[in-house]
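Please read the points below alongside the model.

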Amino acid sequence: MGLQFGVLGTLEVSRGGSALPVPGGRRRAVLARLLVQPGHAAPADALIEAAWGERLPKHPRDALHTVLSRLRTLLGDDALRADSGGYALTAPGDAVDSLRFEALCARAASSAPEPAGDLLDRALALWRGPAFAEYSDLDFATATAARLDLRRLGALETRAALHLDAAEFPDAVERLEEVLAEDPHRERAMELLMTALTRDGRRADAVRRYERFLTRLADEFGIGPSSALREARTRIVVRDPTCRLTQPPPHRGASLDTGGAFFGREAAQSTLVRTTAEDRLVTVTGTGGVGKTRLVAEALPALARRSGIPIAVVGLATVAPGGADDAVAAALGLGRPTSTSRDAVVEYLSISSVLLVLDNCEHLLAEAASLVESILRSCPRVRVIATSRHRLGVRHERVLPLDPLPVPDADRHTASVRTSAALGLFLDRVKRLHPSYSVTTRDLPVMAEICRRLDGLPLALELAASRASVVGLAPVVAWLDSQVPGVPAPELSALIDWSYRLLSDEQRRLLSILSVFAAEFDIDDVQELLNAPGLQCCADVPTSLAALVEASLLSRTPAADDVRYRMLSLVRSFAAERLAESGVEESVRTAHAERMRRRVEKIATGHDGRTAPEALARLRHSRADIGAAVRWSTDAGRYPLAAAITGPIGLCPHWEPELDMAAPIIAVARACAERKVAHSALAVATGGYTRVCRGELDEGRSLALVAADMAEAPRERFLARFVLGVCTVYAGEHEESRRWWQEIERMDGLGVAQRAEAHIALALLACFRGELDESHRLCSVALAATACAGVMDAHAFALYARGEAEARTDPARGADTLGAAAEQAADCGAYQVNLMARVARLATLVRLGEHAAAVGSLVPLLHDERRSGAWPQVWKTVRSLAELCLAHGRDEDAAFFFAAADAAPSAPHIYREEIGRYAGFAHALRERLEPAVADVIEQLARGATRTAVVERAIEVAAESRTFGDEVTRGRAPSPRAG
């Protein structure tokens, strides 16, 4: 065992299990500074400040070299390394207890309950006292020490939640009492403690603890409890586990098919609705084709009425292994999580009341189970319905097995046969395909026999009925007779195979080719794919598609202006197997990927003109097939093709890829950067931009720099510099950002939209510097150019920049311009611009004193920001809310929100012009609040999770009484502007 370092307590060093004393003074301080970011280089100036503070020696660098030399003598010559960035420890990550602690916590977050508990016990056992105990009050260690201490309290809460799930109530109470002894203001700990006491039979103690907590917050600090805590108290008092007080807005998600008749599932539907109210996880299980998805689809309206909470549906049938977390995040609208998708989902759902439907989990069973475990553990107001051929195997899972439809009894008379649900479905399907089909008395027994032979399996009945409507009943019976003797019903795959073999040769080939589509498609999609060399398989595509629909091998969905088709997952799997056997699979998948390449290229070209809104809409609708094509190209090692698909996406800068596309975009960028793939600069830059949009500035900058080195064509050079310009402005490096935008401004061969981006960015930077004349000039150039070219998303961006500048001198006019920018951005799908304009408009309305309009825009804005993961915009909005609270005498709330925004790592820098104004707010709060109260409020704000801050902000904004009766004047906000 080599060197081991301990910072979770006083600083400790050991080698081979034996303590290695580190003398106090400068060596110890420098070592502590190096351990703040182990493995990363610390600048020499930072080490000098840690060792000497403000009392510097005569020759600081020489003195530092002496200290480092002595430290090497103590630790070993190879313990330290020097590079251009400074000095760093060479110890591996597991040599530092803080890194081991965080790694164990991360593993616990994705583990089943029992191993998660063991991992957390190991993580918590590493602590010997406060992090960086002897240095936590020094500037270099304060932030890291506070973060680690808060992470420890969070781990204790999570461990207590696991004790609760295991019915180990005294252990849960003990852990939570430990948390609250250290930080008596943690609402999540109090909520868990109340639950633990109640389940341990101590309901009165739970209520008393809540009342004491409420009194402390309200009487001493003027802050009320969160809705989650109020809801917990209500559940305890009224003993109603389903009660809830606040609702988040509806979520986006997939839709479930409810086309066609629905037979014989009334009892199962009623059971599903009832059990979902009683249990937090219900898994509908059954064989493929039994109707699990259809049952849930039919139950959704009743579930919505009974639960009163939003429903989010996530279709997993076409999700590749490893993609479950991303799929759920995308369905919830979490477009830019700054951490993993799992963390983003759990964080968002932790304060939401949602019914989450996970459809078709069977091929992602382990990862779906792990995700559901995490949600149930950390998101107390979320309920989950899953459909799968197998149960998830999660603790407290309620399994609802779904049997096939009841079939007619063989000995029942003909009249009563008609009441069979299986026969009802069979007849309905025949009549829908062949309305003139005449059913005679002699037919009914034959149909009943078919239903019995097919065991009442709905998909099998539909397939058989589709054949019977064309060829009659006798061939269906003959085929059933040809199956394996003694087996009452054929395997569903055999029935699909039978339907497949009854097709013509060209229809069979078409079906196998269509399996390449990852989502819905239309006839133009099919014909374009079939234009590839060697793939022409049918002369009459519409007729062949109609035949596949009649055979129940495709379903048809009428759209607003066209008809779209989709393939059931069972049929897709079967057809994909036939494609693999055909010998043309590589040709088909290559053609599909090339088609996606052409589509993305066309979209990027169309983006720089009047068709930009339509181009962005096509990009959204194509994302599933684009992602599938990129994944296949990458898996096949065809990186140039993958790069050609993802690269042009970056040329649509105001559209952000959702998570199901972001992951393959980033993977392609990393692979191309590592392998230096020719002509992939655009793809590398697009990956960098995707990372920047998700808050990962370091990797975004790194990929953009690689792209800048690789770039040859003008648009490649443009996009690399564009990403660097965005990255540096997000990092607060405005002069560096201006340099990149000026380089773009001087480039030749750019389109109108690309050149306008540089003018607009430079206009914003000039505005932030107070150079308003220059800002207006650049905005005017960009507005004229984009209006002439009809590039409406860039025009909306230019309007936003003009509104920012106008707000500095004429706030009313600026607010109007920002509102117009938000509306125009919404019309053309420029979601980033829409959010930025709404945030700026809110701040302007607050400064104007038009508080009614400001309050009206707050709640939807906060919801949209949180769902998109736009945390810098969240903190700007929270600061505006703090100003509102201060203006209306809600001083405690104002102090809380200001402190929360100041403590947030992702909060944007305060611009030069704002420094004096915010200093005035801080002075006003010091005048109004007692110092002890202000200190506790700041402590409470710094200890709150960012989702808890947003929840409190939404609650405060939603209470019209918060801002007094005078909040009745002012302009009503435009719905699309806020």
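1. A salt bridge here is a side-chain nitrogen of Lys or Arg within 4 Å of a carboxyl oxygen of Asp or Glu. The model under review is predicted. Over the whole structure, the search returns 56 salt bridges. As background, side chains of opposite charge can pair when their charged atoms come close.

2. Take arginine 917 to begin with. Its salt-bridge partner is glutamate 883, and the closest N and O atoms are 3.0 Å apart. This pair links distant parts of the chain: arginine 917 lies in helix α43 (residues 912-928) and glutamate 883 in helix α41 (residues 871-887), 34 residues apart. Arginine 917 has 24% relative accessibility and counts as partly exposed. Glutamate 883, with a relative accessible area of 9%, is buried.

3. How far apart are the closest N and O atoms of arginine 589 and glutamate 585? The distance is 3.0 Å, and the two residues form a salt bridge. Both belong to helix α26 (residues 585-607); because they are four residues apart there, about one helical turn separates them. Glutamate 585 is partly exposed, its relative accessible area being 26%.

4. A further salt bridge joins glutamate 577 and arginine 578, with 3.5 Å between the closest N and O atoms. Is arginine 578 buried or exposed? Arginine 578 is buried, at a relative accessible area of 15%. Glutamate 577 is partly exposed, at 45% relative accessibility.

5. A network of salt bridges links Glu520, Asp522, Asp525, Glu528, Arg564, Arg595, Arg598 and Arg599. When inspecting the model, display these residues together.

6. The remaining points concern cysteines. A disulfide is a covalent bond between the sulfur atoms of two cysteines. How many disulfides does the count give? The count comes to zero. Cysteine 767 is one case to check: the nearest cysteine sulfur belongs to cysteine 779 and is 8.0 Å away, and cysteine 767 is in no disulfide.

7. Where do the cysteines stand in terms of burial? Cysteine 767 has a relative accessible area of 0% and is buried. Cysteine 652, at 1% relative accessibility, also counts as buried. Both values are under 20% relative accessible area, the cut-off for buried.

Conventions:
Residues are numbered from 1 along each chain as its sequence is written. This is a predicted model: local features need pLDDT of at least 70, side-chain atom pairs count only at pLDDT 80 or more; totals for chains, interfaces and linings use all residues. Side-chain values use heavy atoms; hydrogens and water are left out. A disulfide is a pair of cysteine sulfur atoms within 2.5 Å. Buried means under 20% relative accessible area, exposed over 50%, partly exposed in between (1.4 Å probe, protein chains only). Helices (H or I, at least four residues) and strands (E, at least two) are DSSP runs, numbered from the N terminus.
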